[in-house]
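Dear colleague,

Please find below the structure that I am handing over to you, with its sequence. My notes on it follow, arranged by region so that you can read them beside the model.

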Amino acid sequence: MASVAAITRALLSKNVINTGRFAAASNTSLIKFYSTAPEYENIKVDIVGAKKNVGLIQLNRPKALNALCNALFKELGKVVIDFDADEKISAIVITGNEKAFAAGADIKEMQNNNYSSNAKIGFLKEWEDISNCGKPIIAAVNGFALGGGCELAMLCDIIYAGEKAKFGQPEINIGTIPGAGGTQRLPRYVGKSKAMEIVLTGNFIDALEAEKMGLVSRVFPVEKLLEETIKLAERIGTHSPLIVKLAKQSVNQAYETTLKSGLQYEKSIFYGTFATEDRKEGMSAFVEKRPPNFKNN
Ligand code: CAA
């Protein structure tokens, strides 16, 4: 079956899907989301950017504040895998709407789960499709990013936020704990004391606090957020896709290992870039005072 990206591109080039509607939320007011793939009920997918090299995914269960039901996550995982495999896509943006990035895993759906059913099906295993992606993923967070919503943002590589965003891990309020990385990734972002406070109280933090803590890298006015996030994705897309992938791997290694073995890992990747055409091209272009022409090789 053709990938969603391929279908989108084919339809766009034929102008078949110019019936797309403007997303209602103001943060997406300049972006048309096309109903490209009828099989997706819980997300909208588009390819944006001047070079059409940014894969854009909007979580789309507005009535449930984008609660992350299983069907949504299956769709999200599939599109991320498709974008990762699509050579024309340089980076991926995941966003929600003005009220919610995502208010967490779907409480109504998991209400009757039990230990055995979770363990048997590997509940939430689809989330690994996001963390396994080789390409950069940027979260553009407006509104609530709570529980699994905050965890989804943290699965991304960079978090940009609108100034009214609210982050939190309120699972404690409903008698459980974060189950998709909140107790592990949050302390790595913000340190133990703040992570403990957030996880043990269930309190929300606003965008500026989140930026101050290092959870969010930048905060923008609500209506500018998506535009600025796409600009960031496009900026990343000017570089060699191969070297971007290696750089992402190397930064991620910092979360997996000791400083000493992380530095060794970085060195081996750094040396490895010298076996690539893109490294040769990048340095030649610098010396010859011209823009580089990367070939992903
Ligand atoms: N799951 C399912 N439905 C949800 C939901 C969730 N996580 N969050 C919101 N909704 C639904 C509400 O039930 C409501 O639906 P109905 O209209 O059918 O009643 C609709 O979205 C709108 O929500 P509210 O009326 O509650 O909106 P509000 O503006 O008054 O409050 C809120 C917003 C503070 C975010 C509140 O909805 C809330 O507290 N949501 C739950 C947040 C939460 O606990 N998240 C953690 C989930 S567990 C988890 O994520 C585990 C994990 O680690 C993977």
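**Helix H13**

In helix H13 (residues 277-287), the buried residues are Asp 278, Arg 279, Glu 281 and Ala 285. Viewed down the axis of H13, these buried residues fall within an arc of 165°, so they line one face of the helix. Their cover includes helix H11 (241-253) and helix H12 (259-273). Just after H13 comes Lys 289, which takes a positive phi of about 55°. Please bear in mind throughout that this is a predicted model.

**The chain as a whole**

The protein chain has 13 helices and 12 strands. Of its 297 residues, 46% count as buried. The accessible surface of the chain comes to about 15,400 Å², and carbon and sulfur atoms account for 56% of it.

**Helix H7**

The buried residues of H7 (182-190) are Gly 182, Leu 186, Tyr 189 and Val 190. They cover an arc of only 70° around the axis, which puts them on the same side of H7. Among the elements that cover these residues are H6, strand S9 (158-162), helix H8 (192-201) and helix H9 (207-213). H7 is followed by Gly 191, whose phi is positive and near 90°.

**Two loop residues**

Pro 170 has its place in the loop between strand S10 (166-168) and helix H7. Is Pro 170 buried or exposed? Its relative accessible area is 17%, and it counts as buried because the limit is under 20%. Not counting residues up to four places away in sequence, Pro 170 touches Leu 146, Gly 147, Gly 202 and Phe 204. Leu 146 lies 24 residues from Pro 170 along the chain, yet the C-alpha atoms of the two are separated by 6.7 Å.

Glu 126 is found in the loop between helix H4 (115-121) and helix H5 (128-131). With a relative accessibility of 15%, Glu 126 also counts as buried. Leaving aside neighbours within four places in sequence, Glu 126 is in contact with Phe 73 and Lys 74.

**The surroundings of the ligand**

Which residues come nearest to the ligand? Of the 24 residues around the ligand, these are Lys 99, Ala 105, Gly 148, Glu 151 and Glu 171. By class, the shell has 14 nonpolar, 4 polar and 6 charged residues. Helix H3 (107-110), strand S8 (144-146) and helix H6 (148-155) each supply at least two residues of this shell. H3 gives the most, with 3 residues.

A backbone N or O atom of Ala 105 is 2.8 Å from an oxygen atom of the ligand. For Gly 148, a polar backbone atom is 2.7 Å from a ligand oxygen atom. In the case of Ile 107, a backbone N or O atom lies 2.9 Å from a nitrogen atom of the ligand. On its own the ligand has 980 Å² of accessible area, and the protein covers 65% of this.

With kind regards

Definitions and conventions
Residues numbered from 1 in each chain as written. Predicted model: local features only at pLDDT ≥ 70, side-chain atom pairs only at ≥ 80, totals over all residues. Heavy atoms only, no water. Helix = DSSP H or I, 4+ residues; strand = E, 2+ residues; numbered from the N terminus. Buried < 20%, exposed > 50% of the residue type's maximum accessible area, 1.4 Å probe, protein only. Contact = heavy atoms within 4.5 Å. Near = heavy atom within 4 Å. Polar contact = N/O pair within 3.5 Å; in protein donor to acceptor, adjacent residues only side chain to side chain. Areas by Shrake-Rupley, 256 points an atom, 1.4 Å probe, with all protein chains shown as cover. Nonpolar A, V, L, I, M, F, W, Y, C, P; charged D, E, K, R; others polar. Arc of directions from axis to C-beta.
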